[in-house]
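Here is a quick tour of the model, going from the overall make-up down to single residues. Have the viewer open as you read.

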Amino acid sequence: MTILLANSRTIITKFLKNTNVSSFKNILKQRCTENHSCFHPNILASYKTLAGDLISGKPRGLLASSAAVLTFRRQESARAEELVEAVTYTEENNDDDVNKGIDFSDGRVTFTPQMQFISESSEKRVPCYRVLDDDGYTITGSIFEQVDEETAVKMYKSMVTLQIMDTIFYEAQRQGRLSFYLTSSGEEAINIATAAALTPDDIILPQYREPGILLWRGFTLQQFANQLFGTKDGEDKGRQMPIHYGSKQLNYFTISSPIATQLPQAAGVAYSLKMDNKEACVVAFMGDGCTSDFHAGLNFAAVMEAPVLFICRNNGWAISTPTSEQFRSDGVVVKGQAYGIRSMRVDGNDTLAVYSAIRTAREMVIREQKPMLVEALTYRVGHHSTSDDSTKYRSTNEIEHWKTDRNPANKFRKWVQKKGWWAEEDETKLRSSIRKEVLSAIQVADKTEKPYLEDLFTDVYDRVPLNLREQEKSLRETIKKHHQDFPADVPV
């Protein structure tokens, strides 16, 4: 206690040489608030009196005798000692570099004598970048990338094509002509606007709701149908389940069913681009459900400073799990900072906003050779897949609201029409033409021969290894023995 009092007297005396009583009181309030257990109002008053005595040059009581007895409770005495040590630390040793911080391997970290916890969330949510209002008018003061007539019309046509394609293929599955399907309903803007903002050299690692990227790059409706029906003309030769598209020619990695596996792969692919000094980046898509498993991908990309653009389609649902049960953070955008990744949030139903955000983000990724994270807020209008009935866990009114009032294609159409680039007759003609083309593609694919049995073992090794040859032999023997159970339309 004697040492405590002596130190207190020395500290306060030095401190008050260039200050006044009011300032001292304010400092004390900053150090420890009045509702803190060690600084009740009467204690603050005592310090004020002591400070006045020191300034007048007539110390008395507590400061006159280092053996004075404090009337604090034991807990308050301990807190007071912590305060004295804190004041000593910051006031007497403020020119000591060791006390200011320490150099760790990842940079310098400063010290503080105060116990501080980072808040679990900020008071205000991260704002969402938007350009168009619900009526298709540009918001006053909005900053966005200009889109010329040719690009805008192509974007709208692609969005309509994607909608019609989804509708007809979904119906084909319900008719039993396909084993599985999954739509992009409600997320057309993210698909098409992103594709338009990229270049053909940018490499895509999709999740499974991004067929619009392929459509924009030239993947034909017949190619989509061939993959879905598993024909010999399909890019994957029937070795993938439906909607698991891929195209080496279009820099589009084949879709993989397991969640988030594409994210660490994207970091690796992006790092290879960096090593080769390519003027391109990797774009990796994910849903909000992927955020439970995306640590490795984002952390690796950040540490290696890989030029990859992560795009999260936060559509509100991970199958039947709402985002409120997926995470407690302010969406996905705030997660980027924890990995040291610059992030932004955009209205995923605003085609112009998505286009502007992705184009700007891409330029930054390539210029700075660092990853970025974009969270696109949208809504999954359709069921998760043909294996799901979303009306079991969400209302039809909610679905209908997003399908009509927040439809991204309708909003963009209004903007294009206001520019004088689209008319009602164009709409009728386009929808009729696309519908016929999709139906024709289905008819062709339905009649096309399936891949040969031997294709199941090719395209992996330059020379088929012994174990695969033995497997093929065993399979053929099984088919011969149970030929009635083997599909008749698959050539043996």
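## Ground rules and overall make-up

Helices here are DSSP runs of H or I with at least four residues, strands are E runs of at least two, and both are numbered from the N terminus. Keep in mind that you're looking at a predicted model.

By that bookkeeping the protein chain contains 18 helices and 9 strands. It runs to 492 residues, and 45% of them count as buried. If you take the contacts with a separation of 6 or more, 70% come from residues 24 or more positions apart.

## Helix α6 and its ends

Start with α6, which has 26 residues. From first C-alpha to last it reaches 38 Å, close to the 38 Å expected at 1.5 Å a residue.

Both ends are worth a click. After the helix comes Gly176, and its phi is positive, near 90°.

## The nonpolar cores

As a general point, nonpolar side chains in soluble globular proteins tend to be buried together. In this model the largest nonpolar core has 76 residues. Met155, Phe169, Phe224, Tyr245, Leu309 and Phe412 are the ones with the most contacts inside that core. Which helix gives the most to this core? That's α6 (residues 149–174), with 13 residues. There is also a second, separate core of 26 residues, with Phe294, Ala306, Phe310 and Cys312 among its members.

Setting aside residues up to four places away in sequence, Tyr245 touches several aromatic residues, including Tyr181, Phe219, Phe224, Tyr252 and Phe253. Its list of partners also includes Pro211, Leu214, Leu228 and Ile255, along with Gln227 and Thr254.

## Helix α17

The buried residues of α17 are Glu427, Leu430, Ile434, Val438, Ala441, Ile442 and Ala445. They pack against α6, α9 (221–229) and α16 (408–418).

## The sheet and the hairpin

Strands of a sheet pair through backbone hydrogen bonds, either parallel or antiparallel. This model has an open sheet of 5 strands with parallel pairing, in the order β3-β4-β5-β9-β8. At the edges sit β3 (203–205) and β8 (342–347), each pairing on one side only. From one strand to the next, the twist averages 20°. Inside the sheet, β5 (residues 308–314) and β9 (residues 372–377) pair in the parallel sense over 6 bridges. Leu309 stands opposite Met372 of β9, and Leu309 is also one of the residues with the most contacts inside the largest core.

For an antiparallel pair, look at β1 (residues 101–104) and β2 (residues 107–110), joined by 4 bridges. These two strands form a hairpin with 2 residues between them. The bridge partner of Gly101 in β2 is Thr110.

## A buried aspartate

Asp202 lies in the loop between α7 (188–197) and β3. Is Asp202 buried or exposed? The cut-off for buried is under 20% relative accessible area, and Asp202 has 0%, so this residue is buried.

What does the side chain of Asp202 find there? Leaving aside neighbours within four places in sequence, Asp202 is in contact with Arg217, Asn251, Ala280, Cys281 and Arg362.

Phi of Ala260 is near 70°, a positive value in a residue other than glycine. Ala260 lies in the loop between α9 and α10 (262–275), and counts as buried because its relative accessibility is 4%.

Asn277 likewise has a positive phi, near 55°, and is not a glycine. Its place is the loop between α10 and β4 (282–287). With a relative accessible area of 67%, Asn277 is exposed.

Key. Residues numbered from 1 in each chain as written. Predicted model: local features only at pLDDT ≥ 70, side-chain atom pairs only at ≥ 80, totals over all residues. Heavy atoms only, no water. Core = buried A, V, L, I, M, F, W, Y, C linked by side-chain atoms within 4.5 Å. Buried < 20%, exposed > 50% of the residue type's maximum accessible area, 1.4 Å probe, protein only. Contact = heavy atoms within 4.5 Å. Expected span 1.5 Å × (residues − 1). Pairing = 2+ DSSP bridges. Axes fitted to C-alpha atoms, helices over the stretch in contact; angles between N-to-C directions.
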